[in-house]
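Visitor: I am new to this structure and would like a short tour. Could you show it to me?

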Amino acid sequence: MQHNTDCIVLLISNQILQVCVQAIRGLPLFCKDTPEHLSKIVDILAQLLTAEENVERDAVHKALLSLLRQDVKASLTALFKHIESVDEQMTDENLRERTLSFIRDKVFPLKTELLKPPELMERHMTDLIKKSLQDVTGAEFKMFMDFLKSLSIFGEKAPPERVQELIEIIEGQADLDAQFDVSDGDHIARLIACLFMAIPFFERGASNGKFLNYLNKHIFPVFDKLPEEWKVDLLKDLAESSPYTTPQDSRQILPSVVQLLKKYMPIRKTGEEMNFTYVECLLYTFHHLAYKAPNATNSLCGYKIVTGQPSDRLGEDFSEYHKEFIERLNCVEELARATMKKLTQGMAEHNKALTAATSEEAKASIKTQKQNTTTGLRTCNNILAMTQPLHSKSPSFIGDKRIDLSWKETKKLSPPSNTPAAGYVWNCKAVMSRLSSSTTFLV
């Protein structure tokens, strides 16, 4: 039998294209008679995915699909060996890319047909993907996660432990067990991208604790040192994650959030710019965390919230904290109202300019300015809606979805192609494709 296999390999290696293609087409029939050789044949065919001739590559695709239908488990296992790690010397990068492309373009779309029985084979596919995530680009990771969440075992009716499994995969990619280095731009971008990717699973009940505690321990203390574009992405992700935080984690993280709020909410007008997007994100986060652990704000902001617990600390005097916090709220509100006035005037000017514009380029530019102005107005409105309840000595914190974050209403760009590229590095903009990521409002 080994002799027959060697003969087939020789035929496939034939320089005459027609002979090679015919040999490739015959491989599925050969495996029907000798199923024990299927994995070896899949391995041989996978190496032919790098073929330059379209007719040869097409024959390889059809042969592989035929073998997948014969024995999907063995075939997938053999295919994934070519993408498990680019660090291994035996792994050819071009072959890895072609194998990934074949799996993405030919296998994933046929998941309903191929992955039978679903529970067993979807689990096998998940395990293979997990083993392949040791060294992937941002685009590759997004491709795999998009596929995993499309599987029935992770569908809307999946139990909480299945959703948590997806979060743990994302946590692993974010490298939340690593010591943080603020100069490691790739890690920061990967962390932010993964946190954004995790938010839909937080909504489904998975824990955000590991992410937020990592931010609290490693990122918030060096927040000033982060590049500007990463700061705003991080704060937006934090805000969107905050409604799903447990009371215990909320109590742990609130002090850092209040410190950042005090940093970005000026106590008086000094002529320096205030970043309204930062303040919107932090106020939203503050409300949702304080809603879960209200009496933690007594010692942080000087409130007098009574829960009957020792942590109320009602016997201590935090009145200076309250006075300072109210002064900051007043200053922010004054700046927000002044900014809204300017933006409203600016909108009227944009409308006039749009009417007078003659070129499509000019019209497009003005429409972008109008969109930014609209988002700025929403930001200011949100800030005022969130500061007003905080003037009370015992405020009611916002713990529902009544506040629509300003950037959430902005139409997002189409996501980038999932085509893996050898030189692609983790980049939060490429993975998230958020139109609003670079939009902040300063006064």
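Predicted model: local features only at pLDDT ≥ 70, side-chain atom pairs only at ≥ 80, totals over all residues.

Visitor: How many helices and strands does the chain have?

Guide: The chain has 19 helices and zero strands. Helices (H or I, at least four residues) and strands (E, at least two) are DSSP runs, numbered from the N terminus.

Visitor: And what share of the residues is buried?

Guide: Of the 443 residues in the chain, 52% are buried. Buried means under 20% relative accessible area, exposed means over 50%, and partly exposed lies in between (1.4 Å probe, protein chains only).

Visitor: What share of the contacts joins residues at least 24 apart?

Guide: The figure is 72%, taken among contacts between residues at least 6 apart in sequence. Contact means heavy atoms within 4.5 Å.

Visitor: Now the core, please. How many residues are in the largest nonpolar core?

Guide: The largest nonpolar core has 132 residues, and Leu45, Phe144, Phe211 and Phe286 have the most contacts inside it. Helix 11 (residues 185-203) gives the most to this core, with 12 residues. A nonpolar core is a set of buried Ala, Val, Leu, Ile, Met, Phe, Trp, Tyr and Cys residues joined through side-chain atoms within 4.5 Å.

Visitor: What is Phe286 in contact with?

Guide: Leaving aside neighbours within four places in sequence, the partners of Phe286 include Leu254, Leu261, Cys301, Phe325 and Phe397.

Visitor: Let us move to Val42. Is Val42 buried or exposed?

Guide: Val42 counts as buried because its relative accessibility is 1%. Val42 belongs to helix 3 (residues 38-47). Beyond neighbours within four places in sequence, Val42 is in contact with Leu64, Leu67, Ser75, Ala78 and Leu79.

Visitor: Where is Asp249?

Guide: Asp249 sits in helix 14 (residues 247-264). Asp249 is buried yet has no salt bridge, and the nearest side chain of opposite charge, Lys292, is 9.3 Å away. For charge, Lys and Arg count as positive and Asp and Glu as negative, with His and the chain ends not counted. A salt bridge is a side-chain nitrogen of Lys or Arg within 4 Å of a carboxyl oxygen of Asp or Glu.

Visitor: How many disulfides does the structure hold?

Guide: The structure holds zero disulfides, a disulfide being a pair of cysteine sulfur atoms within 2.5 Å. Cys281 counts as buried at 1% relative accessibility, and Cys380 counts as buried at 2%.

Visitor: A last topic, the backbone. Which residues does a cis peptide bond join?

Guide: A cis peptide bond joins Lys116 and Pro117, with omega about -5°. Pro117 is in the loop between helix 7 (111-114) and helix 8 (118-131).

Visitor: What is phi of Asp175?

Guide: Phi of Asp175 is near 60°, a positive value in a residue other than glycine. Asp175 is in the loop between helix 10 (160-174) and helix 11, and with a relative accessible area of 32% Asp175 is partly exposed.

Terms used:
Residues numbered from 1 in each chain as written. Heavy atoms only, no water.
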